Amino acid sequence: MDYQQKLAEKLSILNERGNGVLIRMNYIKKICADPKLRPSFLTDKAMESAIKYINKKFPNIDFRGNIQHLTSIQRQKSEVLAATASYYDSFLDVIEFRDHVYELLNTIDACQCFFNIAINFDFTKNYLDLIITYTSVIVTLSRIDDKKALVGMFNCAHEMSNGSSDPSYPRLGQMFVEYEHPWKKLTEEFGPHTRSVTAALVSLNMVYPRRNLPAEQWRSAQLLSLLSAPAAMLEPACCNTMACEYLSMEVMERWIIIGFLLCHTSLNTNQASQELWKMALRSGLYLTLTRDEVLNIHKVSEDLFDCFKGYSKRIADIKECREHALVNSGAMHRERRHFLRGALKELFKVLEDEPGLLGPKALFVFMALSFSRDEVLWLVRHSENMPKIKTPDDYIDNQMAELLFYMEKLRGLMKKYNHVVQRYHVQYLAQFDALVLNDTIQNIYVCPEEESVLMSSFVSNLSALSVKQVENKEEFDFRALRLDWLRLQAYTSVNKAPLPIKDYTDLAKVMNMIQFHTRMVDSVEELLQETSEVSILWSVSFLLFFSLLFSSLLFQGNSLCLHTFVTVSYVCAHSYTYCTSLSLRLCVTFLEQIAKLTSTVVLEICAEQCNLNDQLQPKHCAETISAARHRKQKKPVPKKGEVQKEKPGAESLRKDRSVVTNVDKMHLMLTELCTCFSLCSDFIVFDHIIVPTEFLLSHLEIRLSEIIVRMANYNQTTQEIARPSDLLTKLRAYTASLHSLSGYINVDVTRLVKSVLLQQTQPLDSRGGPTMTTLYTNWYLESLLRQASNSLIVHCPTMHCFVNQTTDNDPSFRAEEFSDISELQALAELIGPYGLKFLSENLMWHITSQISELKKLVIENMDVLVQMKNNFDKPEEMANLKKRLTGGENVLKRMTIIGVILSFRSMAQDCLKDILLKHCPYLMGPIECLRDFISPEDDIKVTLSIFELASAAGYTCDIDPTLVTAIANMQTDNTSVDEEYKLSCLLLAYIAVSLPTLALDPNSLYSREHGGHNNNIHCLATAINQLAAAMFTVQNKNIAQQLKEFLLMASSTLLQLGQNVERMESKNRESIYLLLHMIVEESPFLSQDMLESCFPYVLLRNAYREVYRSFIVTLG
């Protein structure tokens, strides 16, 4: 008869089912209380009157007589029915669960089962768990404020749709009414079960008191220490109550508090019950029902006992225990956490050094994890509901991270060396446990058939184990054996059992030990979850607590293990999305904050290294050189209060190593923070894989981009900016320091730096912010080239840079400090080919705007230019036509601007070529060969494609592809190719006939020092050659022929200039002659032979002699 009751199976199934129902009740409570998640029909104003009516009349609602109150439901009955069905079904599951629990508890009472946590552990634990789960379901149900509205609306919509109420509605309504005051009703229900419940709870007297000890006694007993008895280090950790050693204190306190609330009569009749109850009441103030639902144990107990007569002493006990808990529990648990931090650290260090000890000492690991988990959860629930006390610091722990860290480290060890644990316990089971169990069975005098079959199967299964199964990586599964042991406990725990387990405690002790050993073989992960899961930490009510905790940890410099927060043990389908979003939000928030702090520390170290590197720059050595030069002279007496300047490297000289610098502190903090990231490479939160280091890299990328832009020091108002070489030096110092991060944590710093620097070569970074490419492009256009256009800055071909003109006003910057070869090479290194392409595009925009204005001037003077082009060899007619020509100076001014821009671009391209030759010489060689192989006479599309490749690599091309593209994009549908060609020819003629006017400008004097003219007109050579090549390429005309015609016209007009000996315009005639020679010298389409055919060489020779004669040569 007892075998047919299937008590073990029912307990297992109902506990699992109860957990599901409990989670759903908690989910319904949460979403109904949250305005953002609350069901829409409960917030609909049209439903307000119906909801009020249902709540007022529940459960006896007249669905037909008062239809005016329910018209809103009538109109949306289908939608209401569909929306409330899942809630209604969940409440029906509570009734079904309650019925099965009643039936099973009555059966257990009828069988007069024996309960003792130290003997039939699993049977007793499942029994107590079922009682607590059932109570938690009912209490959570009573806390759902909208349960009547949900059920009433469903039944109303059901009746309107089907013509009758749901058959289960009366029972459901009655249950809601009965459990308005759940504790009073529950005590009535559990009155008949007092004997069984009390017996199970009193058995905890062997476990709970010795577990609930202060830290001083733990310390004196050297709890969890493997080093306290070195001689016994290899002995297996065994005891008569293996599973009780890692049983959660919170679970036991929940059993005791809730169990004696339900069966309170035993408190007045049983002294042992009373002592156990009072001990649990003194341990804290709150208990967890589920997730973040807590129970104020003293208030609930006092309110309940107020309803009964003769409980004044118990109420006094409750008040005394509450005062004791307020005064002492916070400090007691604080000391426990302090002890556990040290104990776990020692345990981890020993086991990490000798992982073979995980076999015999596995029990120590699970005890340490269970004790620590209990203390973490105690602090969580009490911090969230902190009482008003004089010592609130007891409920705030800045070293919580360390405890979580070592918990995770121990978990990691068990997972890493699972094969060691498995191998040890397989041998233990086969070579010791099986033999001991067999001897124990032989000593049993009476053994019924069913029990005999079970025990024989235990022995045979254990004896068949071998080490080869571990070596072959076979999967073990002892769940059937453990379930059979639970069945055997149930069979032998009923009254008048043929084999009463209370008489055969040796069998129970052996089987309890075997159960633990089998779990070490096939379910270490499950046991780790059981002893160290802290899934409550992701719940929404504890987000604030951990945000505050984390903030305090940041200032303490502690690392924090994160993925212990996000392991959720049981999630129902309804709350899956809700739980996912909360878990991810918590996880991402913490990771973001850790990454933010870590990136701050890393970049502070980089900034310090950058400052030290800056001290070694040549620009800072002037004072040292000056001092060395005058060393023999008498040193002047230092002024009072004057601080002697330290030399670079002085910070490394320390007389006392105990003196800690700011950099030392930052490195220590970085070490601790990186330990947090390196704890696990990734972890799973529901269906999401979280990689912590990616958060760090993301923050570093953002911050590094901001720092680079800040180091550029660009001021749009004053047009100030850092020199490219200075920025490059700082950036190299940052990069070198960043690479040291790889020594702390396994991250790809090279990928990070490449990503950031590649973004800096674009106009905007990944977040849409400005980059150094944009800043330097703006500065060179708005400052350097704008002043060069106004001849305040001169292009100096001799030194390959721009220099300032000598003026009365001090220049805002020295042009050569931003445009010499070293600076432009640094610029090319910083912004790369992509950045220079963006710079070129902006330069081309300015060039095309000048070309547009030039075309307008050509159109205004078209008739005169046509005549001048046809009569350039007739001096008299040219003189007359020249008087009619207007805007010649404007044309030359605009062409000079174009020439200055193109000269700057050419300098930048040359520096880019030098940089690329240094970085990738084997790539540059083939590009140069391609450029030299192609010629403008080939297919123009192919030519331009190769020139574009070569130009991107920094090579100079006969035809500038970027300029060709810019001019081609200028053409509109209104103008034909022939018209554009005519304008281009006339533009060259316009320039040629306007050249003599340059002699009027006193700044047109050629400077031997600069290798050019003081008003930048030498840049006309570059402008004329490149502009002509680009324009005639777009129009598909012969470039050389047009430039030859230009040379003829220019020569003719300049020769006419030489005939005007008496006039002032011949003042700078020789300097202008040199300009003609420059045009030919720079052109790939013109030659010296062409020049000599139209302009006498003797004039050029005399011109060079004339301009060099006035130059003062100094030697020495």
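Some conventions before we start. The model is predicted, so local features need pLDDT of at least 70 and side-chain atom pairs count only at pLDDT 80 or more, while totals for chains, interfaces and linings use all residues. Residues are numbered from 1 along each chain as its sequence is written, and side-chain values use heavy atoms, with hydrogens and water left out. Helices (DSSP H or I, at least four residues) and strands (E, at least two) are numbered from the N terminus.

Helix pairs, then. Axes are lines fitted to C-alpha atoms, for helices over the stretch in contact, and angles run from 0 to 180 degrees between N-to-C directions. Angles under 35 degrees count as roughly parallel, over 145 as roughly antiparallel, 65 to 115 as roughly perpendicular, and the rest as oblique.

Start with α3, residues 48–57, and α7, residues 147–162: their axes come within 9 Å and cross at roughly 105 degrees. That makes α3 roughly perpendicular to α7. On the α3 side, Ile51, Ile54 and Asn55 meet Lys148, Ala149, Gly152 and Met153 of α7; contact here means heavy atoms within 4.5 Å. The residues of this contact divide into four nonpolar, two polar and one charged. For those classes, Ala, Val, Leu, Ile, Met, Phe, Trp, Tyr, Cys and Pro count as nonpolar, Asp, Glu, Lys and Arg as charged, and the others, Gly among them, as polar.

Next are α31, residues 692–712, and α32, residues 724–739, whose axes come within 10 Å and cross at roughly 155 degrees. The two are therefore roughly antiparallel. Leu704, Ile707, Ile708, Met711 and Ala712 in α31 meet Leu727, Lys730, Leu731, Tyr734 and Leu738 in α32. By class, that contact has nine nonpolar residues, no polar ones and one charged.

Among the α36 residues in the contact are Met844, Ile847 and Ile851, and α42 contributes residues including Leu963, Ala966 and Ile967. The contact divides into seven nonpolar, four polar and one charged.

Now the cysteines. How many disulfides are there? With a disulfide taken as a pair of cysteine sulfur atoms within 2.5 Å, the count is zero. Take Cys929: its sulfur is 14 Å from the closest cysteine sulfur, in Cys957, too far for a bond. Cys929 is exposed at 54% relative accessibility, whereas Cys674 is buried at 1%. Buried means under 20% relative accessible area, exposed over 50%, and partly exposed in between, with a 1.4 Å probe and protein chains only.

Last, two buried residues. Asn26 lies in helix α1, residues 7–33, and has 2% relative accessibility. Leaving out residues up to four places away in sequence, Asn26 touches Thr140, Thr290, Arg291, Asp292 and Glu293.

Ile1017 sits in the loop between β8 (1012–1013) and α44 (1019–1034), and is buried at 2%. Beyond its neighbours within four places in sequence, its contacts are Thr896, Leu998, Ser1004, Ile1072 and Leu1075. From Ile1017 to Arg291, 726 residues apart along the chain, the C-alpha separation is 82 Å.
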